[in-house]
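Take a look at the model below. Then read on for a short tour of its helices, its core and its rings.

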Amino acid sequence: MAERYRGSCLDRVHRPANEELCALMADVLEHDTPASLQLIATVTPLLLAFFEGQVQAARVERASVDALVQQAFMTLHRRRADYDVNTPFRAWLIDTARDTLLEHLRSQPGAEVVAPAASTSLLNCHQALRAI
């Protein structure tokens, strides 16, 4: 699955703006199947870039990337009703990917993973900035 996206993971020409992603997610929330398919196609390169960064940091094996991307999509699907359209989609997506990564790391034998404090969440930072 990942091979066809790898060439475009960091291609800024095809990088959608947060506003586009938020609008797409709003359509997904209205149970729009074409929007769901478009979201998957649009977000896959972003998730691949995130998890390949974890490979480069030696946190995960390259062979785990596709499974992590799929797991992140399942988490995104499960949490879609919790998405606030006023929250930057990228921050929400990265929180989802980070949670998927932490879950994966904790499942590894001998893992001693400590989750970052909730205050370090990108979403919490955004909410704090909105309150100012």
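What percentage of the 132 residues in the protein is buried? Buried residues make up 37% of them. Buried means under 20% relative accessible area, exposed means over 50%, and partly exposed lies in between (1.4 Å probe, protein chains only).

This is a predicted model, where local features need pLDDT of at least 70, side-chain atom pairs count only at pLDDT 80 or more, and totals for chains, interfaces and linings use all residues. Residues are numbered from 1 along each chain as its sequence is written, and side-chain values use heavy atoms, with hydrogens and water left out.

## Overall build

The protein has 6 helices and 0 strands. From the N terminus on, the order is α-α-α-α-α-α. Helices (H or I, at least four residues) and strands (E, at least two) are DSSP runs, numbered from the N terminus. The accessible surface comes to about 8000 Å². Carbon and sulfur atoms hold 55% of that surface. Such areas come from the Shrake-Rupley method with a 1.4 Å probe; for residues, only the protein chains shown count as cover.

Contact means heavy atoms within 4.5 Å. Take the contacts with a separation of 6 or more: 63% of them join residues 24 or more positions apart.

## Helix 3 and the core

Helix 3 covers residues 33–56. It has 24 residues and reaches 34 Å from its first C-alpha to its last. That is close to the expected 34 Å, which is 1.5 Å times one less than the number of residues. Helix 3 has a kink of about 35 degrees at V43, shortly before the proline P45. The bend is the angle between axes fitted to the seven residues ending at a residue and the seven starting there. After helix 3 comes A58, with a positive phi near 65 degrees.

The largest nonpolar core has 28 residues. Such a core is a set of buried Ala, Val, Leu, Ile, Met, Phe, Trp, Tyr and Cys residues joined through side-chain atoms within 4.5 Å. L39, V43, L47, F51 and F89 have the most contacts inside this core. Helices 2, 3, 4 and 5 each supply at least two of its residues. Helix 3 gives the most, with 9 residues. In soluble globular proteins, nonpolar side chains tend to be buried together.

## Contacts across the fold

| Residue | Contacts |
|---|---|
| L47 | V69, A72, F73, L93, A97 |
| L93 | V43, L46, L47, L76 |
| T100 | F51, L68, Q71, A72, T75 |

L93 is found in helix 5. L93 is buried because its relative accessible area is 2%. L93 and L46 are 47 residues apart in sequence, yet 8.8 Å apart in space, C-alpha to C-alpha. T100 also sits in helix 5 (residues 89–106). T100 counts as buried, at 2% relative accessibility.

## The rings

How many aromatic pairs does the structure hold? There are 4. Rings of Phe, Tyr and Trp (its six-membered ring) pair if their centres lie within 6.5 Å; planes under 30 degrees apart count as stacked, over 60 as edge-to-face and the rest as tilted. Y83 and F89 have ring centres 5.8 Å apart and planes at 70 degrees, so they are edge-to-face. F89 and W92 have centres 5.7 Å apart and planes at 50 degrees, so this pair is tilted. Y83, F89 and W92 form one aromatic cluster. Y83 is buried, at 6% relative accessible area, and F89 is buried at 0%.

Definitions and conventions: Lists of a residue's contacts leave out its neighbours within four places in sequence.
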